[in-house]
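Please read the following alongside the sequence and the model.

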Amino acid sequence: MQAAARAQPNIALIKYWGKRDTARNLPAVGSISVTLADLYTDMTVELEDGRGEDSLTVNDVAAPDLLPRVSLCLDSVLGDGRPAAVVRSSSNFPIAAGLASSASAFAALVVAATEAGARDFSQEELANLAGRTSGSAARSLFGGIVELHNDHDRVRIDTLLAAEDWPLRVVIAVTEPGRKAVSSGEAMEISRKTSPHYQRWLADQAYDLTVARDAVAARDFNRLGQIAEHNCLKMHTLMWASQPPMVYWNEATLACLYTVRDLQAAASPVFFTVDAGPQVKVICLDENEAAVRDALASTPGVSDVLVSGLGEGARPVTVS
Ligand code: DP6
């Protein structure tokens, strides 16, 4: 009983930050994201009756520290009485550095576990299963531009546009490939409990979602960019004003934001977003990709630049 799945990370343009139910890991706000095409995680799940404990390797290295979340996710897909699993994950991009590797990992894991265990879940049920472990992972079950809604005790995902309907490009400036000190899950709980801006963040999210949803429908790049940058900077303001403060940025992060401002001043359609890490994600159109990539690559402190289009949701693949 072995199966494999592939999923890509997604980048939120309107962010999920804060939980309304920590036990079920339900987000406090809706979010809008783009699913990438060219960065991916491949996950293999092998179920072994009679074998004692789960095991996990990430890029061929044993990863016992990450195993508890993986085991809980497998329990939620396969039930408590499930066989033990040998799980192998490999990603073609730096993990745990604010590049949404948990989103692609848990989206791929629920699909691979479902296949290995011969279960039958809809894509929406899989999104809820993945979201229980990592809220943003729910969005990677779907491709293109997606909106996550909170629906009573579950999440619901709408595809706003398929990947091919608006061929945006995402250029990622890597400024620090190492692991982040505080996970997003921990950090958003600190914000919920201590940030003076948290209630305002919750109150304003519906407006930001509406503006972004309408901008996507109209393919209004500038409007989408304005609201995405605003939403991103509000999320970081929440973190900066939390106690303890959480500043994920480094000098190169800020230098990249200035690079984006310079491109915008030269009338390039580009905008940035930054997640719980120091990398800067820049969204642009096809015709600007080379200029954006070059400008970010020559920004001081940028160690690597990754480029991706928009892609499809998590799906089973043939075991190699
Ligand atoms: C800043 O999905 O990693 O990337 O549910 O605790 O696993 P958990 O959090 P996670 O948070 C993602 C936060 C973000 C914004 C986003 O992707 O919407």
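Asp42 and Arg6 form a salt bridge, with their closest N and O atoms 2.7 Å apart; the term requires a side-chain nitrogen of Lys or Arg within 4 Å of a carboxyl oxygen of Asp or Glu. Asp42 belongs to strand 6 (residues 41-48) and Arg6 to strand 1 (residues 2-7), so the pair ties together parts that are 36 residues apart in sequence. Strands (E, at least two residues) and helices (H or I, at least four) are DSSP runs, numbered from the N terminus. Asp42 is partly exposed, at 21% relative accessible area, and Arg6 is partly exposed too, at 24%. Buried here means under 20% relative accessible area, exposed means over 50%, and partly exposed lies in between, with a 1.4 Å probe and protein chains only.

The model is a predicted one, in which local features need pLDDT of at least 70 and side-chain atom pairs count only at pLDDT 80 or more, while totals for chains, interfaces and linings use all residues. Residues are numbered from 1 along each chain as its sequence is written, and side-chain values use heavy atoms, with hydrogens and water left out.

By the salt-bridge rule the count comes to 20. One of them pairs Arg24 with Asp153, whose closest N and O atoms are 4.0 Å apart. Arg24 sits in the loop between strand 3 (19-21) and strand 4 (26-27), and Asp153 in the loop between strand 10 (145-151) and strand 11 (154-161), so this pair ties together parts that are 129 residues apart in sequence. Both ends are partly exposed: Arg24 has a relative accessible area of 42%, and Asp153 has 46%. Arg156 and Asp158 form another salt bridge, with the closest N and O atoms 3.6 Å apart. Arg156 is partly exposed at 29%, and Asp158 is partly exposed at 29%. Elsewhere, salt bridges that share partners join Arg169, Asp286, Glu289 and Arg293 into one network.

Helix packing comes next. The axes of helix 5 (residues 198-217) and helix 6 (residues 221-240) come within 9 Å and cross at roughly 160°. Axes are lines fitted to C-alpha atoms, for helices over the stretch in contact, and angles run from 0 to 180 degrees between N-to-C directions. The two helices are therefore roughly antiparallel to each other, a label for angles over 145 degrees. Their crossing is left-handed, meaning that the near helix is turned anticlockwise from the far one by less than a right angle. Among the residues making the contact are Trp201, Tyr207 and Val211 of helix 5 and Leu224, Ile227 and Met235 of helix 6; contact means heavy atoms within 4.5 Å. Asp214 is also found in helix 5 and is partly exposed, at 47% relative accessibility. Its C-alpha atom is 8.5 Å from that of Leu224, 10 residues apart along the chain.

Helix 4 (residues 184-194) has Ala187, Met188, Glu189 and Ser191 as its buried residues. What covers them includes strand 3, helix 5 and helix 6.

Some backbone features lie in loops. A cis peptide bond joins Gln243 and Pro244, with omega about 0°, and Pro244 lies in the loop between helix 6 and helix 7 (251-265). Asn59, in the loop between strand 7 (55-58) and strand 8 (61-62), has a positive phi near 50° although it is a residue other than glycine. Asp60, in the loop between strand 7 and strand 8, has a positive phi of about 70° and is not a glycine. Asn59 is partly exposed at 33%, whereas Asp60 is exposed at 75%.

Key: Angles under 35 degrees count as roughly parallel, over 145 as roughly antiparallel, 65 to 115 as roughly perpendicular and the rest as oblique.
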